[in-house]
Amino acid sequence: MKTKKYLFLLSLIIIGLSSCKDSDIMYYEGGSVLHFMKKTQGLSFMTKPNIEKDTMIVRALVVGNPVNYDRTFAVEVVDTSTTATPEQYRILQTIVPANDTCGYLHVEVTNPDFLNIKETTLTLGLIIKDNDAFKAGGWLSYISIVLTWTSDLIQPETWRAMRFFFTSKYSSNVYRAIIASTGLTEFWYYNPDPETGYQLDQYEGWVYGKKFGDWIREYNETHDDVYRHDDGDYEGEEIVPIY
């Protein structure tokens, strides 16, 4: 009976593995390999319109053992997912610090409002390439990333957490109200802030949610029409706060 149960469980594991997409499979043959920690990352100049340039910091994860000296990794531009021209961005640094298993890609980007272009949003596709220190590997679907920067609002990375404390439907007006009522541009609840390490707790979420709700209610009381979604799937609908 135990043998039958073991064979049954083994068959389930084999079926599960065979159903995975090739791009989702971990690739590792020893040594040090590297992949990004997300597939996309965005930056908005909307909250800092007078700044001409800003730096996007992208994290990458090392699969392998850390070493006691700094290492650099290589990236290459992916033309098919890039709208920015070379003078509109600059790759400043790619580094994995000594004794660390996390690497950092620093890319300086130019605010579209300071460029003589019609576009308000630009993209840069990058893929990790092999060099003497690292091979592209680990989670294969994460060896490339698309960076987006805009002079408009861009949906925050932490919207998944925001929607449980502010309102369930997203639009640019929702994000404007979150910034206006709380001063927050991101809501690090499920994960800590990658720059400061600080992570919000549930009580803080309720407090911020109430501030957002109070801001919406005050707007509705002092304007001829209620505060509404201005774009996206819910354009024209009233914005209803959770708290």
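User: Which residue forms a salt bridge with Arg176, and how far apart are the closest N and O atoms?

Analyst: A salt bridge is counted when a side-chain nitrogen of Lys or Arg lies within 4 Å of a carboxyl oxygen of Asp or Glu. In this predicted model, where local features need pLDDT of at least 70, side-chain atom pairs count only at pLDDT 80 or more, and totals for chains, interfaces and linings use all residues, the partner of Arg176 is Asp230, with the closest N and O atoms 2.9 Å apart. Asp230 lies in the segment after α4 and Arg176 in helix α3, so the pair ties together parts that are 54 residues apart in sequence. Residues are numbered from 1 along each chain as its sequence is written, and side-chain values use heavy atoms, with hydrogens and water left out.

User: How many salt bridges does a search of the whole structure find, and which residue pairs with Glu237?

Analyst: The search finds eight salt bridges. One of them joins Glu237 to Lys169, whose closest N and O atoms are 2.9 Å apart. Glu237 lies in the segment after α4, whereas Lys169 sits in the loop between α2 (159–162) and α3 (172–182), so this pair ties together parts 68 residues apart in sequence.

User: How should I read the helix and strand labels, and how many helices and strands are there?

Analyst: Helices (H or I, at least four residues) and strands (E, at least two) are DSSP runs, numbered from the N terminus. By that convention the protein has four helices and 11 strands.

User: Is Lys210 buried, partly exposed or exposed?

Analyst: The classes rest on relative accessible area: buried means under 20%, exposed means over 50%, and partly exposed is in between (1.4 Å probe, protein chains only). Lys210 is partly exposed at 41%, and Asp214 is partly exposed at 32%.

User: Which residues make the nonpolar surface patch?

Analyst: Patches are built from residues with over 30% relative accessible area and no salt bridge, like charges being joined within 9 Å and nonpolar side chains (Val, Leu, Ile, Met, Phe, Trp, Tyr) within 5 Å. Here Tyr203, Trp206, Val207, Ile242 and Tyr243 make a nonpolar patch of about 490 Å², where accessible areas come from the Shrake-Rupley method with a 1.4 Å probe and, for residues, only the protein chains shown count as cover. Trp206 is placed in helix α4 (residues 202–222) and counts as partly exposed at 40% relative accessibility. The protein as a whole exposes about 14,400 Å², of which carbon and sulfur atoms supply 52%.

User: Is His35 buried or exposed, and what is it in contact with?

Analyst: His35, in strand β2 (residues 33–36), is buried, with a relative accessible area of 5%. Contact means heavy atoms within 4.5 Å. Leaving aside neighbours within four places in sequence, the contacts of His35 include Ala60, Leu61, Val63, Ile128, Trp139 and Tyr142. For the whole protein, 36% of the 243 residues count as buried, and residues 24 or more positions apart account for 69% of the contacts with a separation of 6 or more.
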